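User: I have a model open and want to go through it before setting anything up. Can you walk me through what was computed?

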Amino acid sequence: MNKIEHIGIAVADLKAAGSLYEKLLNTTIYKIEDVASEGVKTAFLQIGPNKIELLEASADDSPIAKFIAKKGEGIHHIAFEVDNIVAEMARLKSEGFVLLSDEPKRGADNKLVCFVHPKSAGGVLVELVQEIG
Ligand code: ZN
């Protein structure tokens, strides 16, 4: 894995959280994107080489809606950049990690993504991301 690509934060209200994080980080949101397949609306802020992804549920059965109902707003996942997501998924599987999908999915911000189950990763939801060239 190359680096932390972004940290995902679950928020109840993307507009309110967006202006809060713009103030906090003293920068502006550079992209807002609907990821209908995951039931989320996302907003991205860039901090040096890293990003913050704000996630708001766009459907009642969205994983973000469930997360907020259970734990409230806050850090949802950590995403690591990889060069070859398929190879990295195979490596993690062989190490005993549980992946949430068998194939990479198309995620926000022009990425292929795959999540690692938090129960197999010390309680942290881990996302692998590979830039789509
Ligand atoms: Zn993410």
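This is a predicted model: local features need pLDDT of at least 70, side-chain atom pairs count only at pLDDT 80 or more; totals for chains, interfaces and linings use all residues.

User: Fine. How many helices and strands are there?

Analyst: The secondary structure comes to three helices and eight strands. Along the sequence they follow the pattern β-α-β-β-β-α-β-α-β-β-β.

User: And the radius of gyration, what does it come to?

Analyst: The chain has 14 Å, which agrees with the value near 14 Å that a compact globule of 133 residues would have. Along the principal axes, the C-alpha atoms fill a box of roughly 40 × 30 × 25 Å.

User: What share of the residues is buried?

Analyst: Buried residues make up 38% of the 133. As for contacts with a separation of 6 or more, 52% of them come from residues 24 or more positions apart.

User: Where do His77 and Glu127 sit?

Analyst: His77 is in strand E5 (residues 74-81) and Glu127 in strand E8 (residues 126-131), so this pair ties together parts that are 50 residues apart in sequence.

User: Are those two buried or exposed?

Analyst: His77 counts as buried, at 2% relative accessibility. Glu127 also counts as buried, at 5%.

User: Change of topic. How many aromatic pairs does the structure hold?

Analyst: One. Tyr30 and Phe44 form the pair, which is tilted, with 6.2 Å centre to centre and 40° between the planes.

User: Next, helix H2. What caps its N-terminal end?

Analyst: Ser62 caps helix H2 (residues 63-71), with a side-chain oxygen 3.0 Å from the backbone nitrogen of Ile64. Ser62 itself is in the loop between strand E4 (50-57) and H2.

User: What does Ser62 touch, leaving out residues up to four places away in sequence?

Analyst: Glu38, Gly39, Val40 and Ala57. Ser62 counts as buried, at 1% relative accessibility.

User: And what comes just after H2?

Analyst: Gly72, which takes a positive phi of about 85°.

User: Which residues have a positive phi although they are not glycine?

Analyst: Asp109, with a phi of about 65°, and Asn110, with a phi of about 60°, are among them. Most residues other than glycine have a negative phi.

User: Where are they, and how buried or exposed is each?

Analyst: Asp109 is in the loop between E6 and strand E7 (111-116), and Asn110 is also found between E6 and E7. Asp109 counts as buried, at 7% relative accessibility. Asn110 is partly exposed, at 34%.

User: Now Glu88. Where is it, and what is its side chain doing?

Analyst: Glu88 is in helix H3 (residues 85-94). Its side chain makes a polar contact of 2.6 Å with the side chain of Arg91. Setting aside residues up to four places away in sequence, Glu88 touches Met1, Val82 and Leu128. Glu88 counts as buried, at 13% relative accessibility; the cut-off is under 20%.

User: Last one, Asp102. Buried or exposed?

Analyst: Exposed, at 62% relative accessibility. Asp102 is in the loop between H3 and strand E6 (105-107). Beyond its neighbours within four places in sequence, Asp102 is in contact with Met89 and Lys93. From C-alpha to C-alpha, Asp102 and Ala90 are 9.5 Å apart, with a sequence separation of twelve residues.

Notes:
Residues are numbered from 1 along each chain as its sequence is written. Side-chain values use heavy atoms; hydrogens and water are left out. Rings of Phe, Tyr and Trp (its six-membered ring) pair if their centres lie within 6.5 Å; planes under 30 degrees apart count as stacked, over 60 as edge-to-face and the rest as tilted. Helices (H or I, at least four residues) and strands (E, at least two) are DSSP runs, numbered from the N terminus. Buried means under 20% relative accessible area, exposed over 50%, partly exposed in between (1.4 Å probe, protein chains only). A polar contact is a pair of N or O atoms within 3.5 Å; within protein, one must be able to donate a hydrogen and the other to accept it, and residues adjacent in sequence count only if both atoms are side-chain atoms. Contact means heavy atoms within 4.5 Å. The radius of gyration is taken over C-alpha atoms; the globule rule is 2.2 Å times the number of residues to the power 0.38.
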